[in-house]
Amino acid sequence: MRVRNIIGQAVVGDDLFGREYELKRLREMLDQGEHVLMLAPRRVGKTSLMLELKREPPANWEVIYVNVEGGENPTDCIAAILASLAAIPQYRSRFQKIPFSSAIREVLQAFQSATIDIDVLKIELRGAIGRDWDSAAAQLQARLMKLPSAQDNLLIIIDELPVLISRMLRMPEGRNDADILLSRLRYWRQGPEFRGALCTLVGGSIGLEGVLRRAGLSGSINDLAPFRLEAWDPGTAVTFLKELGKTYEFALGDNDISSILGLLQDPVPYHVQLFFAALRDHCKGDVACVSREVIERTFSERLAGASGTAHLDHYATRLEIALEPNEYEVACAILDHLSRHRNGTDLRQLDTLQQQGAGVFRSVLRDLKADSYLVEQGQLWRFRSNLLREWWERHHHSGTSM
């Protein structure tokens, strides 16, 4: 098997490297009827695991995957789920036997071909549903209740739900809509009619728990079984780099690999892939050109330099989505301070900030740790990723002095 270095998109099958245990554990949890909350930092492979479950589902399971990252309201979520189900002939036929309201029925009738463009159908359904999204959700729920026995289980995967909820909470009536949507999804998990027939897997790259805690909605997810996906362990990262070397005839030595992983500090799969590709390009494919100096220059200029912004800026934008303006300011102050200390430091120099709002400070620090921006080691705090620390200090540092 040749390991390919596919960068910037989800991977499945043979290209999904080093996640055998995680896939086994997920299937085990689903077989036990658990509803799963999968939270992971960006770029560690969360979406790839979800798509692999869809590609190769557990026995007797039908799997749909919806990504609501770009959504702004609950209509987008319900339309995405309905479109994905309607694209499956067996579910579309059930919807025809028990019709929806006229507007939705007309859209579904217009999409009768064997192959359906889900994105187009989703747009049409979104228009048909409009603001009456809870009625559409109730109609969908009524049809889901009529699912057959456990021989035809359904798994609904909802990716990036925290981003959608965060965006909703900033809108007028957003909290009420979020409460209703989350309550609806909770009933799909808890209703006796669905047991043994329907499971949900909710995923996100920012902490749903923190988002809901700030909105007072934490109770809506306390029935979900947590599944934490971390970056690769160092051994897996070493093996991956060695396998890539075979595939691309760019075999790195043990010292070279140690230098790469030492600079990254946290072997996030995407960052490991970026480093290999950037180093290979820097050397024009000639492994004889590799040296520690070249590796460090590649890290400094290509990964943490200006060209790395496209790959790392989302760490800042995600905080803007998840946090209130005052919380975002505190988060940036903490990250600015720690970006100047590769090996970590205590937070006593931020006493002034803590005194201004101890509750907000603790809440933000908790979220930065939960979302894998920071790690706590005894009395010290530091960036989990040295790549992110380096980039943050160069390109996002606000100059805050605390």
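A: Tyr328, Cys332, Leu335, Asp336 and Leu338 of helix 17 meet Arg389, Trp392 and His396 of helix 20. Contact here means heavy atoms within 4.5 Å. By class, this contact of helix 17 with helix 20 holds five nonpolar, one polar and two charged residues. Ala, Val, Leu, Ile, Met, Phe, Trp, Tyr, Cys and Pro count as nonpolar, Asp, Glu, Lys and Arg as charged, and the others, Gly among them, as polar.

The model is predicted: local features need pLDDT of at least 70, side-chain atom pairs count only at pLDDT 80 or more, and totals for chains, interfaces and linings use all residues. Residues are numbered from 1 along each chain as its sequence is written, and side-chain values use heavy atoms, with hydrogens and water left out.

Now the geometry. Helix 17 spans residues 325-338 and helix 20 spans residues 386-396. Helices (H or I, at least four residues) are DSSP runs, numbered from the N terminus. The two axes come within 9 Å and cross at roughly 110°. Axes are lines fitted to C-alpha atoms over the stretch in contact, and angles run from 0 to 180 degrees between N-to-C directions. Helix 17 and helix 20 are therefore roughly perpendicular to each other; that label covers 65 to 115 degrees. The crossing of helix 17 with helix 20 is left-handed: the near helix is turned anticlockwise from the far one by less than a right angle.

For comparison, take another pair. Helix 3 (residues 74-86) and helix 4 (residues 89-97) pack at about 110°, with axes 6 Å apart. Leu82, Leu85 and Ala86 of helix 3 and Tyr91, Arg92 and Phe95 of helix 4 make that contact.

Terms used: Helix = DSSP H or I, 4+ residues; strand = E, 2+ residues; numbered from the N terminus. Parallel < 35°, antiparallel > 145°, perpendicular 65-115°, else oblique.
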